[in-house]
Amino acid sequence: MLEAGLEGLYGIVDARVGDKTLVDTLSPSVDALKASAQAGESFEEALPKMKEAAEKGRDSTKDMVAKFGRSSRLGERSRGVLDAGATSCCIILTSMADGILELC
């Protein structure tokens with residue numbers, strides 16, 4: 001589901017990892033889940049890894065300069081601040097994972 005969302009996003013925006021967008025959170029999260037699935041790990045094992053990847057992706061945006069969206073107008077002034085989209089995406093993914101893990 002997350003991979004389909006990422007591919008759908010790629011169909012409407014040119015942003016990729018490193019552009020200081022939600023892609024910096026979503027893409028590594030998808031990669032972490034895929035790696036866990038390929039390793040035969042359970043959902044309970046995969047979700048904490050996905051959360052960690054989301055958090056690292058979010059945190060990586062702090063030292064980037066925004067290339068897309070409203071913050072791109074700030075240029076160098078966008079450096080030093082987490083990207084709002086990446087942060088929001090991280091909140092959604094970690095909350096989703098926490099909710100699922102409560103049911104496991």
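Predicted model: local features only at pLDDT ≥ 70, side-chain atom pairs only at ≥ 80, totals over all residues.
Start with helix α2, which runs over 23-38. Its 16 residues should span 22 Å at 1.5 Å a residue. The end C-alpha atoms of α2 are 22 Å apart, which agrees. V23, D24, T25, L26 and S27 are buried in α2. After α2 comes G40, whose phi is positive, near 75 degrees.

Now step back to the loop between α1 (2-10) and α2. T21 lies in this loop. Is T21 buried or exposed? Its relative accessibility is 11%. The cut-off for buried is under 20%, so T21 counts as buried. Setting aside neighbours within four places in sequence, T21 is in contact with A15, T61, F68, D83 and A86.

F68 and D83 lead on to the largest pocket. Both are among the lining residues closest to the centre of this pocket, together with K20, G69 and S71. The space in the largest pocket is about 340 Å³. In total, 19 residues line the pocket. Of the lining residues, 10 are nonpolar, 5 are polar and 4 are charged.

Turn next to the charged pairs. Side chains of opposite charge can pair when their charged atoms come close. The structure holds 7 salt bridges. One of them joins E3 and K34, with the closest N and O atoms 3.0 Å apart. This pair links distant parts of the chain: E3 sits in helix α1 and K34 in helix α2, 31 residues apart. E3 is partly exposed, at a relative accessible area of 36%. K34 also counts as partly exposed, at 35%.

K56 and E52 both lie in α3, 4 residues apart, about one turn of the helix. Their closest N and O atoms are 3.1 Å apart. How do the two partners sit relative to the surface? K56 has a relative accessible area of 55%, so this residue is exposed. E52, at 42%, counts as partly exposed.

The side chains of R58 and D59 meet in another salt bridge, at 2.8 Å from N to O. R58 is partly exposed, with a relative accessible area of 22%. D59 is partly exposed too, at 40%.

Technical notes. Residues numbered from 1 in each chain as written. Heavy atoms only, no water. 1 Å grid on protein atoms, 1.4 Å probe; cavity = no way out; pocket = protein on both sides within 12 Å on 5 of 7 lines; lining within 4 Å. Points joined across faces, edges and corners; volume = space filled by probe spheres on them. Nonpolar A, V, L, I, M, F, W, Y, C, P; charged D, E, K, R; others polar. Helix = DSSP H or I, 4+ residues; strand = E, 2+ residues; numbered from the N terminus. Buried < 20%, exposed > 50% of the residue type's maximum accessible area, 1.4 Å probe, protein only. Contact = heavy atoms within 4.5 Å. Expected span 1.5 Å × (residues − 1). Salt bridge = Lys/Arg side-chain N within 4 Å of Asp/Glu carboxyl O.
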